[in-house]
Amino acid sequence: MPDAPAARPDPAARVLLALAAVAVAFAAADTYVVVLALPDMMGSVGLSVDQLQRAAPIVSGFLLGYVAMLPLIGRIADLRGRTPVLLASLVVFALGSLVTAAAYDLPSLVAGRFLQGVGGGGLVPVTLALVADLYPAERRGVPLGVVGAVQELGSVLGPLLGAVVLAVGDWRDIFWLNLAVGLVLAAAIRVLTVRGADSPRRKAPPDAGESTVSSRTTGRRVPDVVGLLLLALTLTAGLLVMRQPDALVTSVAWGAPFVPYAEGGSVWLSPLGTAAIVLALLLLAWCVLAPRPLFDARGWWGSVREADLVGAALLSVALGGVILAFATADPEVQVFSEAGPVYLGVAAVAAVLFVLHNRRATHPLVPHGAFRERPAWGAVLVSFFVGSALIAALVDIPIFARLTVADGDQLQAALVLVEFLVALPVGALVGGFLVRRVPVALVAAGGMLLAAAGFAVMTTWGPDSMGQLSSVAVLAAAGLGFGLALAPVNAALLAATPDAVHGVASALLVVARMVGMLVGISALTTIGLRRYYSVQTDIPSPLEVCGDGRTRCPAYTEALSLAGLEQLQAIFAGAAVCAVVAAVLALLTLRAARPQRG
């Protein structure tokens, strides 16, 4: 059972939280860095720019790792401790960056992005739960605002970081940088862990609170030489398999280990690939059987089993079905992909089975009564509609800019979006300060109403509206509104749920926002397309407009452009409705709840 709240975290614990926040920001930046690097990534695995649909797994693989695994990660953080899961998430993120940077084909690239999603996604709920562990309910607003601010700041810096790296190197350098930063942050947190900087409110099991290794390693002074050697050999063999250096592959003396057993087979089915797999299995066996291993696989497996693997699998299938249905669709022509009905059907069945299993399980993934307070499930609903509205800004503001002020320039259009994104972290900090004195329901609702007002103004924008001081003010106000809602929603959830479930509760909050973004972009784009087609039917034929039968004369092109603007205006109107719904739900559900213990 957790201890009583600490009045003030010690300096080392504050540094730990600061490092966790930096990790969240960097993972958030990685989410958006692929926007500019995607064409180069496609080319490196043999895909041309016009084969964007085949490259969808690069994006959906990351989303699957980010969303589908979050509830399990959050629950493990409740059972094992925040710091071990934080460290493990960083290590998985670094490993995913390594695999991505060394990828030689589409499957290896998708596998790397999936691991990055698992690691990067796991950082967010663990950091939110860590805030709840370190601060009492009445003092969480500011640190939650800081975490929200750095997360949104990452979304601002991501495309800029990608542009800088691509200007001096290639896309792989982005992920080598991720690897270096992830390992440095993990090492820094490990040093703090050894010195005892962990959640002062949480008494995790003996193998949970201080490091990624179990109590079997406590007091160990000699490093695990065998484990380190096996790890080095495994990584070396794996990198050689994925990178296949020409100097070795084409060498008469050294090329034989790279040759697959069957002609045209995978390089993993070669002597070197077999060696890499065997070394990995030996490393895993050593970590299970050794008395003082490099990594306590046995202890982690026990925590994973206790976290309810069946429930986690069912919920992952349900979330994965939703993600694949919407993330693999072309939003310009369809709400979800052609296989969407199948994905959604499987997701629905898995969701029903999960609910039934969770009710009957002795130790369920989502503990019984965890969301019995109205602000707890209300925060999840609010988060869903916040995501549904936010995605319209992230996707459609740059499109509007390309059609008007950017003259088709994608980079210039992205810079227009920065006017919106810069205000988000500012709003998150302000929202964190406000919840100290103002009820969370009012702060969250006020922020979403401000965002709705910004979208309402956008519905009136014409070809010459963007680029003026007034449009900058509208974008900043909308971004500020979204930022204001972040800390209050997080604070309401953490105050209304028991301390022992803060990890899984925070994970479900993040999942709700991400699913809201996926559903929102599809639904709002459909609304916009209907408006576009309605306006397009009223446009005279090219012969009538141009007079000489040309299909691309300035008058006809301008008419189509105006139809496109009306499509975006309809999307902004739909986003305003989503923001108002979020505000109303916040007022109705996020009333102050008595902080839960246990």
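A salt bridge here is a side-chain nitrogen of Lys or Arg within 4 Å of a carboxyl oxygen of Asp or Glu. This is a predicted model, in which local features need pLDDT of at least 70 and side-chain atom pairs count only at pLDDT 80 or more, while totals for chains, interfaces and linings use all residues. Residues are numbered from 1 along each chain as its sequence is written, and side-chain values use heavy atoms, with hydrogens and water left out.

**View 1. The salt bridge between Arg82 and Asp133**. The side chains of Arg82 and Asp133 meet with an N to O distance of 2.7 Å. Arg82 lies in helix H4 (residues 82–101) and Asp133 in helix H5 (residues 106–134), so the pair ties together parts that are 51 residues apart in sequence; helices are DSSP runs of H or I with at least four residues, numbered from the N terminus. Arg82 is buried, at a relative accessible area of 1%, and Asp133 is buried at 3%, where buried means under 20% relative accessible area, exposed over 50% and partly exposed in between (1.4 Å probe, protein chains only).

**View 2. Asp78 with its partners Arg75 and Arg82**. Asp78 forms a salt bridge with Arg82, the closest N and O atoms being 2.8 Å apart, and another with Arg75 at 3.7 Å, N to O. Arg75 and Asp78 both lie in helix H3 (residues 70–80), 3 residues apart, about one turn of the helix. Arg75 counts as buried at 12% relative accessibility, as does Asp78 at 2%.

How values were computed
Helices (H or I, at least four residues) and strands (E, at least two) are DSSP runs, numbered from the N terminus.
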